[in-house]
Amino acid sequence: MIQRDYLIIGSGIGGASACEGIRKHDKRGTVTLVGAEIFHPYKRWMLSKSFLREKTPPLKKLPIVDPRWYDSHKIETRLGTIVTQLNIDRRLAVLGNGESIEFNKACLAMGSRPVRPPVAGVNLGNVIYLRTIRDALALREMANLEKTVMIIGGGLLACEAAANLRMMKLKVGMMHRNPYLLNRYLDPDTGTWLTEYFAKHGITMLIGESLNGFEGKTVLRNIQTKSGNRVQAGLAVVACGAEPNLDLVRNTPLSGPHGSPVTEYLETEEKGIYAIGDLAFYPDRLMGGVRRQTHWENAREQGLVAGANMTGKKRQRYEQIPYFWTEMFGLKMDFVGDFSVQPTKVNLRGTYAKKKFIARYYQGEKLRAILLCQQTPREVDAAKRELRNAVGK
């Protein structure tokens, strides 16, 4: 029986940051990090950006920290390994190789997995779900052979992948059932402008079309829409959202319909077990309500907080203004605040035509979010301070 003070399940940015948070406050406690991928924790957000189009994939730039950091800080890494069972009462985790780890405290950082549409042909060759390094390398390889690609979806991942594949001179189409891109975040005017911006860059937009299925014997040949259209494509990237990896704790108090419920300290109702990143359904002390965020910055900060709290030597609440960013066709957009509800009022400073603006989103008279396009880091920091002051009133 292996005994550890801390067990981190998941080797993404959340898991890596939890290790960092632990070591900042506890230099001696025994730590094991278990991850399903064979790679040390890496910057997953890069996969849909420049990683796709650089001539030589920048694998050396991907690790969050130098892999030697884990050894030098006496953190055991079990990569290419999954936890098959988690006994909450006994504080026991069973690994895929049959070994067991008895732990004092644990952090759930399993992240999320791509949603697979309930249609025919989702497992055909040349249908890619962009989540891991292997997925990105496969997409790069296929893009060298197939020059026509269809992106299914219109969210962040879909937009980033479409922009980078188009910059590789591929013929790219986007199928999105909603009226404009990034509809989960943008107001109709900004969303319509962004959709037209993509079209001007040569992307074929199938807006308002829903996926009905993929056709082909072993590899993709055509894509069917629910309206009856058949679109020829030799490659598809499916980006229809993600769902939290909660199978390990299904039917336990650690799993809920919206994620793993945690306190403001990121601790589940099982004392000593924490959840972070794409899993954590946490109370938002600044913006109000309870939410689950699926962005890099959130997982990074939550990992640091949870790691510190696990040691018992530092107890802090998770209080962050939600933030993420994206870059498409050289267009940098920063999202500060709560974009989960359509605004009742939008205050636009700047113009779409110049591709440089700041849009403030209001619910009634209350500022809830700020969208910045082609703005400096100083402007982004100022927006975070402005929103923090506004929600604190």
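Arg78 sits in strand S3, which covers residues 75-79, and this is a predicted model. With a relative accessibility of 15%, Arg78 falls under the 20% cut-off, so it counts as buried.

**Arg78 and its surroundings**

- What does the side chain of Arg78 make a polar contact with? Its partner is the side chain of Glu99, at 2.7 Å.
- Glu99 also turns up among the residues that Arg78 touches, once residues up to four places away in sequence are set aside.
- That list takes in Thr32, Leu33, Val34 and Gly35, along with Ile2, Leu95 and Asn97.

**Gly153, a loop glycine**

- Gly153 belongs to the loop that links strand S9 (148-152) to helix H4 (156-167).
- Buried or exposed? Gly153 comes out at 9% relative accessibility, so it counts as buried.
- Leaving out residues up to four places away in sequence, Gly153 touches Met174, Met175 and His176, plus Ala158 and Ala239.
- Leu211 is 58 residues from Gly153 in sequence, yet their C-alpha atoms are 9.3 Å apart in space.

**Nonpolar cores**

- The largest nonpolar core has 52 residues.
- Which residues have the most contacts inside this core? They are Leu165, Met174, Leu194 and Phe198.
- Helix H4 gives the most to this core, putting in 7 residues.
- Leu165, setting aside neighbours within four places in sequence, is in contact with Leu52, Leu139, Ala143, Val149, Ile151, Leu170, Val172 and Val237.
- There's also a second, separate core of 46 residues, and Ile13, Val83, Leu108 and Leu254 are included in it.

**The second largest pocket**

- How much space lies in the second largest pocket? The figure is about 390 Å³.
- This pocket is lined by 20 residues, and the closest to its centre are Arg184, Arg291, Arg292, Gln293 and Ser340.
- Strand S20 (290-291) and strand S21 (323-328) are the elements that give two or more residues to the lining.
- By residue type, the lining of this pocket splits into 9 nonpolar, 7 polar and 4 charged.
- Among the residues closest to the centre, Arg184, Arg291 and Arg292 belong to the charged type.

Terms used:
Residues numbered from 1 in each chain as written. Predicted model: local features only at pLDDT ≥ 70, side-chain atom pairs only at ≥ 80, totals over all residues. Heavy atoms only, no water. Helix = DSSP H or I, 4+ residues; strand = E, 2+ residues; numbered from the N terminus. Buried < 20%, exposed > 50% of the residue type's maximum accessible area, 1.4 Å probe, protein only. Contact = heavy atoms within 4.5 Å. Polar contact = N/O pair within 3.5 Å; in protein donor to acceptor, adjacent residues only side chain to side chain. 1 Å grid on protein atoms, 1.4 Å probe; cavity = no way out; pocket = protein on both sides within 12 Å on 5 of 7 lines; lining within 4 Å. Points joined across faces, edges and corners; volume = space filled by probe spheres on them. Core = buried A, V, L, I, M, F, W, Y, C linked by side-chain atoms within 4.5 Å.
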